[in-house]
Number of protein chains: 2
Amino acid sequence: MPRVGFVLKVKASLIEEYRRRHREVWPEMLAALGEAGWHNYSLFMSDDGLLFGYFETPVSFDAARAAMDATDVNARWQAEMSSFFEIPPGAHPDQMMVPLEEVFHLD
Amino acid sequence: MPRVGFVLKVKASLIEEYRRRHREVWPEMLAALGEAGWHNYSLFMSDDGLLFGYFETPVSFDAARAAMDATDVNARWQAEMSSFFEIPPGAHPDQMMVPLEEVFHLD
């Protein structure tokens with residue numbers, strides 16, 4: 001199953017609030033992610049807000065993202081999240097995720 | 001099973017060589033990692049050398065690292081790798097991995 005790694009940057013002033021929101025992700029959002037093929041999905045954050053995402057998907061990063069883009073709940077979630085990231089104003093964070101190259105894997 | 005995320009920084013001048021080495025990791029090193037509890041282990045790298053590691057382990061990051069530290073092959077591997085990273089001269093990269101906080105997980 002393809003593995004995806006991506007990075008984003010959380011604004012320093014919003015790190016604690018980002019943590020809090022992610023302890024309470026809406027059940028509807030969790031269900032939509034699973035249905036869109038986001039499996040074994042983790043987010044890791046450094047003290048300075050560097051955010052790393054990892055997930056496994058039966059499709060590709062682009063296809064998994066497109067499947068989420070097609071849901072209403074993702075539009076609502078990303079609208080709330082967009083202010084948390086160091087990205088151009090108005091951009092949606094799921095469009096700003098920078099995919100990383102997998103350079104090594106061991107099962 | 002605990003999930004671990006960590007970051008390191010590869011020197012810009014050595015990114016291509018880092019990629020090459022990781023297409024040819026010694027079989028003895030792969031076997032040692034598995035025996036030390038490093039499972040589903042991936043390394044992702046950005047264009048500028050930011051390196052993100054993800055693995056799952058039945059123990060903890062510290063215990064998995066200690067188990068590798070106890071092997072001869074890891075000492076040889078880390079000696080070859082130490083010059084690739086932006087860390088203090090002489091330090092071993094596996095001691096400089098910065099563990100990240102997991103702020104979200106969805107199975």
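**Ground rules.** I number residues from 1 along each chain as its sequence is written, and chains are lettered from A, with ligands numbered from 1, in the order in which they are written. The model is predicted, with local features needing pLDDT of at least 70 and side-chain atom pairs pLDDT 80 or more, while totals for chains, interfaces and linings use all residues.

**Symmetry.** I superposed the copies by least squares on C-alpha atoms of residues with pLDDT of at least 70 in both. A 180° rotation with 0.0 Å of shift along its axis brings chain B onto chain A, at RMSD 0.0 Å. That is how a two-fold axis relates copies. The same surface serves both: 100% of chain B's contact residues recur in chain A.

**Contact.** I counted two residues as touching if their C-beta atoms, placed from the backbone, lie within 7 Å. Chain B gives 29 residues and chain A gives 29 residues.

**Sheet.** I took strands as DSSP runs (E, at least two residues), numbered from the N terminus. Two strands pair if DSSP finds at least two bridges between them. Which order do the five strands of the open sheet take? I read E4(A)-E1(A)-E3(A)-E2(A)-E5(B), with antiparallel pairing. E4 (98-99) of chain A and E5 (101-106) of chain B stand at the edges, each with a single partner, so one side of each lacks a neighbour in the sheet.

**Pairs.** Seven bridges join E1 (3-9) to E3 (50-56), both of chain A. There, A:Val4 stands opposite A:Phe55. A:Leu106 stands opposite B:Tyr41.

Conventions: Helices (H or I, at least four residues) and strands (E, at least two) are DSSP runs, numbered from the N terminus.
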